[in-house]
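Colleague: I'd like to learn how to read salt bridges, helix packing and sheets in a model. Could you walk me through one?

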Amino acid sequence: MQGKKPELLSPAGSLESVYAAVENGCDAVYMGGKNFSARYYAQNFSDDELKKAIEYCHLRNVKIYITVNTLYKEKELAPLLEFIREIYEIGADAVIVQDFGAAMLIKKIFPDLPLHGSTQMTAHHVSDVEFLKQAGFQRVVLSRELYLEEIKQIIKDTGVEVECFVHGALCVSYSGQCLMSSMIGGRSGNRGRCAQPCRLPYQLFKNSNIETDKEKYLLSPKDILTLERIPDLIQMGVHSFKIEGRMKRPEYVGGVTRLYRKYIDLYFEENWNGKIDEKDIKTLQQLFNRGGFSQGYIHNHKLGGIHMMSVERPKNWGLYLGKVIAYDRKRKKCTIQTVEDLQPGDGIEIWTEKLPHPGTMITSTSKAGDHIILSIEGNILPNAYVYKTKDQLLLHQIQSTYEKQSKVPVYAYVKAKRNQPLLLQVWTDTGHEVTMEGQIVEKAQNHPLSTEIVVKQIKKTGNTPFEMIHIESEIGENSYINIQSINELRRNVLGELEKKIIQSFYRSSPMLTWKGQLKTLQQEKETEKKFTVLIQKASQLTPALQKGVSRIYLELEGFCLEEIRESCILCHREGIECFIALPSIERSYIEQGLNVSIKELEDIEIDGYLVRTYGQVQKTKISKKQVIIDYSLNTFNRSAIQSWKEYGIETITVSPELTIDEIKEMGQEDQEIVVYGYLPVMTTEQCPVGNELGQKKKYKYCSYKNNKDNYFLLDRKGEKFYIQRNCKLCFTKIYNSKPIFLLEQMDEIRELPISFFRMQFVLEEPEEIREIIQGYIHGPKHHHWLIEKRKREGYTRGHYFRGVE
């Protein structure tokens, strides 16, 4: 089985990275502008640089995808659409989008601009991809947590172009479902400003005791490398192989692109044995690795665990070089047994017990196996590991691949006959062609034209992006035209050809303006302010059944079918609606492991669903029960609300990353916000408890199924993040260290154009649940003691009064 050759998609954070990617064999490049991109801290591209990059790529038959893959506040939509207009006109091949509201605006205004659904949309199920397909997305970038059979099923059932990450950094949380950087420091991953708290050290905390003896990087995954999986991915029909790395150097982009190009092409050669050259693995390690690589989740989500994590160090390790044999502290001389060659300009680092690790630059040549002696200062011990962090020769080799830009092959036909204009026709492999006539060819007086002279002049493409591959000529006898005229015609033809290729991608902006699309939604008449409650388990129901609560959400993962039936009866008896909160991640193995299915829920007296995924919107569209969008779908602007209303959904829980002023700008009643609760800040297939403690039992994979104790991550500031484990499904949520608590501000909050105020509970005991609900229902004046208690225990006001970058 061969399959169709996939697109190789490379990252670019600078023009130099564009050149590195194209010259090393990519089929497409993805990049972002100075704003509106999920890699805000990359160098990124000015408007002029974007135009230059697009022209450079299109001349070489390489596609350009522009990332607009963040969430957009109301005031940012007009500038965003102006940016889209600019890249639309100069021929961007597609846009990669996260924000559903922004995507629907783009689709309405620029209907022929292909939409690619970002991995930030958390598309991880057939139903997610089917929904996005019906919404107008041409391609979907799948969540990196999926394994081969899931990817295969999605491709088979939807027919959508599927893009998969094949190399680079791996987020520990499902992309689009991480609020940790946002809640800790106000730098939102959903806005391209992630501060990477997953790359910080933590300790494991059990109940009230520290479980681990030292800090480790418990949330830091290794980068993925999938060269060995290229045959599998091609055979199942993955359309695009995506390399991560817009923040990386051009040498990284070029080196990784070159090797994936090599093995994709090798797959389609009959004599390839399927083996990966160990030298190529070492090259990738030298370019960047975090303690080696993993294949990610692509093989099977159960086979990851600790083997996918880089708990010792979250940054680049380099290539293993050897060990310290001896260290003379007095003379500061270190003797190292090497296993790799070294050249002047290489960099090395010696691992010590405490950071920072000492490092130095190499000044002389040595061979693998040599003992080398270096001058270096540090707390260095015998047997310490040594890594080569820079390979000067490798960097120069990769740089040489893109320092001189490749030429576009062209073909020519030239005709020079007496009394006729000189004619030159030039064409490309992509079907672009230009024909021009020049000066009149005369009768030769002394030196007639020869084929050699004409061909020599036509071949001189100079500083143009073209190279003459083959020239056909028809030169009449005893004819003449001066060399200057030949050169002038050649310059004109090649200039016109370049212009023609570039402009063939240009588009004219539609007459429709976006101002009409950004209309203010019709205001509903002011509605009654109501309180809703979300609970995790049946024991939390009784204290939630209070007068003033209008709706209770039951977290599906914590309830069996009989408990749901009983909960519905109890809620309805008190005049309270009973909704089911569907899982935030709904893969096939999770569906199989749940206690109840949507089909069964349809047959009992629940009032509706709180949906967390695009696929759940798809699944519940035929239901006669109410559907409410949760904040996991990242509703950030009026356009998103308007789009959901077009799907018949009236109540949307807006993003907890919005301020009260930004919520006012959205100006729509009948929406919901969270006013109390511990927010889940990560949703992950990794379990820090199982990874750390399960391995101590010497099981190959995690077998640590202790559900009796509560575990937390303890950070360097002493904050504790609750780890909610579902050991049956091997699935984890990590919650913020402090709850959102807005009781003191509720008089102001109630003035917002919001109808529903949610309290959501995780570990709270029944009495605490009862107290909090009573406090919110009766207001801060009657529960000042509760405010003082919470101040002592700690809380956050979330982003309602500070916002995110």
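Predicted model: local features only at pLDDT ≥ 70, side-chain atom pairs only at ≥ 80, totals over all residues.

Colleague: Fine by me. How many salt bridges does the structure hold?

Modeller: The structure holds 46 salt bridges. For any one of them, look at which side chains meet, where they sit along the chain and how buried they are. Take Arg 60 and Glu 23, whose side chains meet with an N to O distance of 4.0 Å. Arg 60 is in the loop between α2 (47-59) and β3 (63-68), while Glu 23 belongs to helix α1 (residues 15-23), so this pair ties together parts 37 residues apart in sequence.

Colleague: Are Arg 60 and Glu 23 buried or exposed?

Modeller: Both Arg 60 and Glu 23 are buried. Now try Glu 163 and Arg 139, a salt bridge at 2.8 Å, N to O. That pair also links distant parts of the chain: Glu 163 is in strand β7 (residues 161-168) and Arg 139 in strand β6 (residues 139-141), 24 residues apart. Glu 163 and Arg 139 are both buried.

Colleague: And what about Lys 645 and Glu 650?

Modeller: Their side chains form a salt bridge too, at 3.1 Å from N to O.

Colleague: Which residues are linked in a network of salt bridges?

Modeller: Arg 551, Glu 555, Glu 577, Arg 612, Asp 630, Glu 672 and Arg 758 are.

Colleague: On to helices. What describes two packed helices?

Modeller: The angle between their axes and the distance between those axes. In this model, helix α5 (residues 126-135) packs against helix α6 (residues 148-158) at about 35°, and the axes are 9 Å apart. The α5 and α6 crossing is right-handed.

Colleague: Which residues of α5 and α6 meet?

Modeller: From α5 you have Val 126, Val 129, Glu 130 and Lys 133; from α6, Gln 153, Ile 154, Asp 157 and Thr 158. Sorted by class, the α5 and α6 contact comprises three nonpolar, two polar and three charged residues.

Colleague: Now strands. How do the strands of a sheet pair?

Modeller: Through backbone hydrogen bonds, in either a parallel or an antiparallel sense. For a mixed case, look at the open sheet of nine strands, ordered β30-β29-β28-β27-β26-β25-β37-β31-β36. Its edge strands, β30 (651-652) and β36 (740-741), each pair on one side only. Inside that order, β25 (residues 530-535) and β37 (residues 756-760) run parallel over five bridges, with Lys 530 partnered by Phe 756 in β37.

Colleague: What does helix α23 touch on the sheet?

Modeller: Helix α23 (residues 766-778) touches β25, β26 (549-555), β31 (672-677), β36 and β37, and its direction makes about 130° with that of β31.

Colleague: Which strands would you show me for antiparallel pairing?

Modeller: Strand β13 (residues 319-328) and strand β14 (residues 333-338), joined by six bridges. One of the partner pairs to find is Tyr 327 with Cys 334 in β14. There are four residues between the strands of this β13 and β14 hairpin, and Lys 332 has a positive phi near 55°.

Colleague: Which strand do five bridges join to β14?

Modeller: Strand β17 (residues 371-375), again running antiparallel to β14. There, Ile 336 has Ile 372 in β17 as its bridge partner.

Technical notes. Residues numbered from 1 in each chain as written. Heavy atoms only, no water. Helix = DSSP H or I, 4+ residues; strand = E, 2+ residues; numbered from the N terminus. Buried < 20%, exposed > 50% of the residue type's maximum accessible area, 1.4 Å probe, protein only. Axes fitted to C-alpha atoms, helices over the stretch in contact; angles between N-to-C directions. Left-handed = near helix turned anticlockwise from the far one by under 90°. Contact = heavy atoms within 4.5 Å. Nonpolar A, V, L, I, M, F, W, Y, C, P; charged D, E, K, R; others polar. Pairing = 2+ DSSP bridges.
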